[in-house]
Amino acid sequence: MTDSPSAAASASAPARFEREDLTWRTMTVNDLEAAHRLSFNLGWPHRVDDWRQMLEVGEGVVLESVDGELVGTGLCFNQGAVATLGLVVISDEWQGLGLGREMMVRLMALAGPRTLLLVATKAGQPLYQKLGFEPCNCICQYQGVVTGAPPAPREPGLRPMAASDQAALLAFSPDSPAHAVAVQSANRGVVIEKAGVIEGFALKRTYGRGEHIGPILARSAEQAQALVLALLTDAEGDFIRIDLVDPDDDSWLKALGLTCVDQITRMRCGEAVEKGPLTRFGMLTQALG
C-alpha cells in the first residue's frame, strides 16, 4: 500500500529547523518582482505576469533573509483530488543547507492528503524520491520560432473554440482554479466536437518568451497532433513553447522549427488518480500540470 503524501513527508523529512537569519512566510504579490529575479537567474523564461497568474491560482511560500532578501520560493496548486508543486527555487548562496527539503515539506503540508505531482529537474529528483515521489511520465519541452505554416488538419469535428464552449471546457477540471484561468485567458483555442460532445481541445496563451500551447487534451495522439497543428497554421514567425507528456513521434513539430530542448521527469506521490474521458497530451505549464 502506498503511503499518503503527508505520511511520506513526515517519515522522510527531518525535524523543522529555524535560523535567526531566515524567515519562512506566505508569498504575497509584493514578492513577485523578487521571485521573478530568482527564476530569471536560473534561465527560466517566466515573466512577472506569469508569476502573478500562478500566485492567483495557488499558495506560495517564501524564504527571506534577515536583510529582507528573498532567497527561496515554492508554490502549491490544489486542484481537487491532486495538487501540483512547482517553482521551487533556493538561491545559489543558500544551497546545501537543507532548505530545499524544508520548502518541499511546507508545500506538501499545504496540499494536505491529495496526490502530489511535480516536474523534477535532474538535480532535484533525488530529493523528491526521498520524500516519496516516484517517476510517472516523461515531459519534453519543445520550443522555437515557427518556420512554416502547416496546412489545416483534416480532423473530423475540428473547429475554433467559441465563447459558448467555455462552460463545457471548464467542466473537464471543475475543481482546478488553474484550469479555469487557462480557459478564460486563452488568446485562441480549438476543439474537436462530435455529436455535440467535445472530445478534444487545446489552448494558446501568452507565456514566457512568446506563446504557450497547453493544455492539450484529446482521445488519441492523432487528435492531439491535429489540435496543435490547427493552432500553428497562423503562427509562422512566432516563438512557441509546448510541454508534451510522453510524446512518441515528434517529426511533425521538428518540421515546423520546434525542437525538444529539455526532457524532464514528472513524479507522483500518492495513489494514481482516476483519469477523465480525455488524455492529457500537453501540459498547461510544468508547474500547473
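Reply: Let's count ring pairs: Phe, Tyr and Trp rings (for Trp, the six-membered one) pair if their centres lie within 6.5 Å, with planes under 30 degrees apart called stacked, over 60 edge-to-face and the rest tilted, and that rule gives 2 aromatic pairs. In one of them, Tyr128 and Phe133 have ring centres 6.2 Å apart and planes at 65 degrees, so they count as edge-to-face. Tyr128 and Phe133 are both buried, where buried means under 20% relative accessible area, exposed over 50%, and partly exposed in between (1.4 Å probe, protein chains only).

A quick word on the ground rules. What you're looking at is a predicted model, so local features need pLDDT of at least 70 and side-chain atom pairs count only at pLDDT 80 or more, while totals for chains, interfaces and linings use all residues. Numbering runs from 1 along each chain as its sequence is written, and side-chain values use heavy atoms, with hydrogens and water left out.

Back to the rings. Phe172 and Phe201 make a tilted pair, 5.4 Å from centre to centre with 35 degrees between the planes. These two come from distant parts of the chain, 29 residues apart: Phe172 is in the loop between helix H6 (166-170) and helix H7 (177-185), and Phe201 is in strand E9 (residues 197-207). Those labels are DSSP runs numbered from the N terminus, with helices (H or I) at least four residues long and strands (E) at least two. Phe172 is partly exposed because its relative accessibility is 25%, whereas Phe201, at 0%, counts as buried.

Phe201 is among the residues with the most contacts inside the largest nonpolar core, along with Trp51, Met54, Leu75, Phe77 and Leu288; the core has 29 residues. The elements giving two or more residues to this core are H2, H3, E3, H7 and E9, and H3 gives the most, with 5 residues. A nonpolar core here is a set of buried Ala, Val, Leu, Ile, Met, Phe, Trp, Tyr and Cys residues joined through side-chain atoms within 4.5 Å. In soluble globular proteins, nonpolar side chains tend to be buried together.

Take Phe77 from that list. Leaving out neighbours within four places in sequence, Phe77 is in contact (heavy atoms within 4.5 Å) with Met54, Val57, Gly58, Val82, Ala83, Thr84, Ala287 and Leu288. Helix H2 (residues 32-41) has its own buried set, made up of Leu32, Ala34, Ala35, His36, Leu38 and Ser39. These buried residues of H2 pack against helix H3 (48-57), strand E3 (70-79) and strand E4 (82-90). Just past H2, Gly43 takes a positive phi of about 85 degrees.

Glu199, in strand E9, pairs across 20 residues with Arg219, which sits in the loop between strand E10 (210-218) and H8. Their side chains form a salt bridge at 3.4 Å, N to O, the rule being a side-chain nitrogen of Lys or Arg within 4 Å of a carboxyl oxygen of Asp or Glu. At 45% relative accessibility, Arg219 is partly exposed, while Glu199 is buried at 12%. Shared partners tie Glu155, Lys194, Glu199 and Arg219 into one salt-bridge network. Across the whole structure, the search finds 15 salt bridges.

Where does H8 give the most? H8 leads in lining the largest pocket, with 5 residues. That pocket holds about 1,200 Å³ of space. Of its 46 lining residues, Arg266, Lys275, Leu278, Thr279 and Arg280 are the closest to the centre. For the record, a 1 Å grid over the protein atoms alone is used: a cavity is a set of points where a 1.4 Å probe fits but cannot get out, a pocket is an open set with protein on both sides within 12 Å along at least five of seven lines, and lining residues have an atom within 4 Å of a point. Points are joined across faces, edges and corners, and the volume is the space filled by probe spheres set on them.

Last stop, Arg280. Arg280 lies in strand E13 (residues 279-282) and, at 28% relative accessibility, is partly exposed. Not counting residues up to four places away in sequence, Arg280 touches Ser173, Pro215, Ile216, Leu217, Val245 and Gly289. The C-alpha atoms of Arg280 and Ala218 are 6.8 Å apart, though the two are separated by 62 residues along the chain.
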